Amino acid sequence: MPVTEDARASAWDGRRVQLDRLGLAAAVVDWADGTLVGATDVGLRVLRRVGVATHELPRPLPPELFDLLRSAPLGEPLEWNAPGVSEDVCLGCTGYPLGPDHVFVVMRELSRQHRELSRRLHRQRLEITGRLVASIVHDLRAPLASMVFNAEALSGRVAELAPVQIEEVVDDLAVAARRLRVTVDGLLGFARLGPRDRVQASIDEVFERISGLVRPIFRARGHVLTVARGPGATSVAASPLVVEQILANLALNASEAAGGPITVAMEARAVPGSARPRIRIRVRDDGPGIAGEVRPHVFQPFFTTKDTGTGLGLTTAREAARELGGDLRLEPVDAAPGACFTLELPAGPPDERASGGDRP
């Protein structure tokens, strides 16, 4: 039957979802058979533009689209082209569980340019992950060795151990297992192609994840990473994964360019006098710096001074920052050695509970 206002306000799985009151492109899909049972007005328009018929609801989703949704974990962003529709336009969508039987799908229309940037960001993220893997593997050895030792102790001597000793061994196993899980989850979370929509990204959480990602390689090479956040610089309106990717790339570039131990300092400050609130994240190192003849070319595609690499890292990072409404710049430095980049992004909503400060 045709979709009505009552149908859009229907209850799914005991949750009343009033789609007509939502101002985003979204739809509700029956997870059993792929039936599109409701959509917002914006969602209907997006679906029509990418080639999905919406003149009557409920109706089945195109089988290819439903198969794509079913094949990926919920929460994983997907991209889909309707057969026979121009490749310049495609549907970006992410499904979220809505009770046991339905999925709430958030959608947006993607251009070819946007998709190409997404692919390059994903490739770059995998490249950064590869640069981190060797050091992270070293970090995994200690908890893994602890787990093996304690497991062997339990398997061969359970009858000889007192209950309190068994409890201590089990606690040691649990602690080591949690360390392994945190490290692996952090690496996998960074490597996956996450959503690039703007959300309120906490500066503290971004700095914490960056510190965890680069800590092994920094420790192995004697480098130091410091982070600081000024008052009012609590969050940015951006994709956390993209911000982390840009900052991790800058930190690793500084690390790899240095002949010896260096300090990389990341500092987030509110931009004064800006018509719209903005946050500037400054990444400064005391390494060898960037030669004067090289500076004009650092953001050019395929330009690199490394023996290996694509020369697209900084190019893609600046393009991603600009798409988020910000920018990435190489700043002039004074007589001191080193390089300085600034990442500027729109500020997120103020949080009066956060009090800014410095953290090592």
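This is a predicted model: local features need pLDDT of at least 70, side-chain atom pairs count only at pLDDT 80 or more; totals for chains, interfaces and linings use all residues.

**Stop 1: a loop with a cis bond**

Select Leu57 and Pro58 and look at the peptide bond that joins them: it is cis, with omega about 0°. Most peptide bonds are trans. Pro58 sits in the loop between α2 and β5 (59–60).

While you're here, step back to helix α2 (residues 41–49) and pick out Leu44, which lies in that helix. With 6% relative accessibility, Leu44 counts as buried, since the cut-off is under 20%. Leu44 and Ala27 are 17 residues apart in sequence, and their C-alpha atoms are 8.1 Å apart in space.

**Stop 2: charge on the surface**

Next, select Glu167, Glu168, Asp171 and Asp172. Together they gather in a patch of negative charge on the surface. Click on Asp171 and you're in helix α5, which covers residues 163–191. Is Asp171 buried, partly exposed or exposed? Partly exposed: its relative accessibility is 42%.

**Stop 3: an enclosed helix**

Jump to residues 240–257, which make up helix α7. This helix has 18 residues and reaches 26 Å from its first C-alpha to its last, close to the 26 Å expected at 1.5 Å a residue. How many of the residues of α7 are buried? The count is 15 of the 18, so the helix is largely enclosed by the rest of the structure.

Stay in α7 and pick Glu244, which lies in this helix. Glu244 counts as buried, at 3% relative accessibility. Then show Glu205 as well: Glu244 and Glu205 are 39 residues apart in sequence, with 9.7 Å between their C-alpha atoms.

**Stop 4: salt bridges**

A search of the whole structure turns up 9 salt bridges. Here are some to zoom in on.

Start with Arg229 and Asp204, whose side chains meet in a salt bridge at 2.9 Å, N to O. Arg229 is in strand β10 (residues 224–229) and Asp204 is in helix α6 (residues 203–221), so this pair ties together parts that are 25 residues apart in sequence. Arg229 counts as buried at 7% relative accessibility, while Asp204 is partly exposed, with a relative accessible area of 28%.

Now select Glu344 and Arg278. Their side chains form a salt bridge too, at 2.8 Å from N to O. What does this pair tie together? Glu344 belongs to strand β15 (residues 340–346) and Arg278 to strand β13 (residues 278–285), so the link is between parts 66 residues apart in sequence. Both Glu344 and Arg278 are buried.

**Stop 5: the network**

For the last stop, select Arg322 and Asp327. They form a salt bridge, and the closest N and O atoms are 2.9 Å apart. Arg322 counts as partly exposed at 46% relative accessibility, whereas Asp327 counts as buried at 16%. Now widen the selection to Arg278, Arg280, Arg322, Asp327, Arg329, Glu331 and Glu344: salt bridges that share partners join these residues into one network. Glu344 and Arg278, the salt-bridged pair from the previous stop, are among its members.

Conventions
Residues are numbered from 1 along each chain as its sequence is written. Side-chain values use heavy atoms; hydrogens and water are left out. Patches are made of residues with over 30% relative accessible area and no salt bridge: like charges are joined within 9 Å, nonpolar side chains (Val, Leu, Ile, Met, Phe, Trp, Tyr) within 5 Å. Accessible areas come from the Shrake-Rupley method with a 1.4 Å probe; for residues, only the protein chains shown count as cover. A salt bridge is a side-chain nitrogen of Lys or Arg within 4 Å of a carboxyl oxygen of Asp or Glu. Lys and Arg count as positive and Asp and Glu as negative; His and the chain ends are not counted. The place of a charge is taken as NZ of Lys, CZ of Arg, CG of Asp or CD of Glu. Helices (H or I, at least four residues) and strands (E, at least two) are DSSP runs, numbered from the N terminus. Buried means under 20% relative accessible area, exposed over 50%, partly exposed in between (1.4 Å probe, protein chains only). The expected span of a helix is 1.5 Å times one less than its number of residues.
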